[in-house]
Amino acid sequence: MVKAFIFPGQGSQAVGMGKALFDAFEPARAVFTEIDDALSQPLSKLMFEGPESELTLTANAQPALMAVSLATIRALEAECGLDLSRDAAFVAGHSLGEYSALAAAGALTISDTARLLRIRGDAMQKAVPVGEGAMAALLGAELDQARAIAAEAATAANGVCQVANDNGGGQVVLSGAKAAVDKAIDIAKEKGIKRAVLLPVSAPFHCALMQPAADAMREALAGAAISAPCVPVVANVTAEPTRDPEAIRRLLVEQVTGAVRWRECVAYMASHGATKFVECGSGKVLAGLLKRIAPQAAGISVGAPADFDAYRAYRGFA
């Protein structure tokens, strides 16, 4: 039985996330306290009580989602005997979730991860003035179709438009200048794409317009202590595993402007023996995508105490 542990990205946040873990498990409480201290902010209170408008701000949502993922990992270690170096063949995360994966595997400390994600969230929000960028989901589109639509829209609107996320199962997200993304939606509809819709996001993530944020992360990561992770991390931008600290540093910078190749990441892990996937953190988005990318693999989501019995059964000792 070969398992991969995967970590969600932005969009999976919800007011109340992590509260049950905090109440039930001391190791989870320690994670939330450590992150609050690292950020000099009661982020856990915002997570547990809201308001939603503040939690969804990129600078808050990114470290908050990491907090729930790492609280889940620490609770699984204490309650279920999880040992990633023994139990996982790979770890991977969607966008900011890659930072969660690295922290879970010991490449980054939790405090450093929180501080890096705060810098990342601030920089991504500031890179493009509100209203000048956009993202759109193309549902029922394959990657090559989406690339062609983005290229045509970029030319027609004379602005950036590129693939930001290849999520699998015919779900591809485009990102770029607002006019170009609007044009891409029109082109997609003309070409018979099942559905093309603007996403409620505050900035055009994972495209060339994020270069100022990539520059900020290059500076922040230059001074970060990165260790070799205890298991290979499958990187968003290459869809290949690495354990090299300097490669990790470089790839995290490239990730800011590069596409999240999630479909290929999952396909790589599945084709290299991963038969069971454990999504750690808030929501069930990645487990849902798994069914469309690697239907032969099984997946569960663990993010609250109620999920722990399912994990024990999944691991095969309940």
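The largest cavity in this predicted model is lined by Glu98, Leu102, Val233, Ala235, Thr242, Ile248, Leu251 and Leu252. Two elements give two or more residues each to that lining, namely helix 7, residues 97-104, and helix 12, residues 245-257, and of the elements helix 12 gives the most, with three residues.

Let me turn now to helix 9, which runs over residues 143-157. Which residues of helix 9 are buried? They are Leu143, Ala146, Ile149, Ala150 and Ala153, and, looking down the helix axis, you would see them fall within an arc of 125 degrees, so they line one face of the helix. Covering these buried residues are, among others, strand 3, strand 4, strand 5, helix 10 and helix 13, whereas the face turned away from the buried side carries the exposed residues Asp144, Thr155 and Ala156. Just after helix 9 comes Asn158, which takes a positive phi of about 55 degrees.

My last stop is Gly169, which sits in the loop between strand 4, residues 161-168, and strand 5, residues 171-177. Gly169 counts as partly exposed because its relative accessibility is 45%, and its C-alpha atom is separated by 40 Å from that of Asp37, which is 132 residues apart from it along the chain.

Terms used: Residues numbered from 1 in each chain as written. Predicted model: local features only at pLDDT ≥ 70, side-chain atom pairs only at ≥ 80, totals over all residues. Heavy atoms only, no water. Helix = DSSP H or I, 4+ residues; strand = E, 2+ residues; numbered from the N terminus. Buried < 20%, exposed > 50% of the residue type's maximum accessible area, 1.4 Å probe, protein only. 1 Å grid on protein atoms, 1.4 Å probe; cavity = no way out; pocket = protein on both sides within 12 Å on 5 of 7 lines; lining within 4 Å. Arc of directions from axis to C-beta. Contact = heavy atoms within 4.5 Å.
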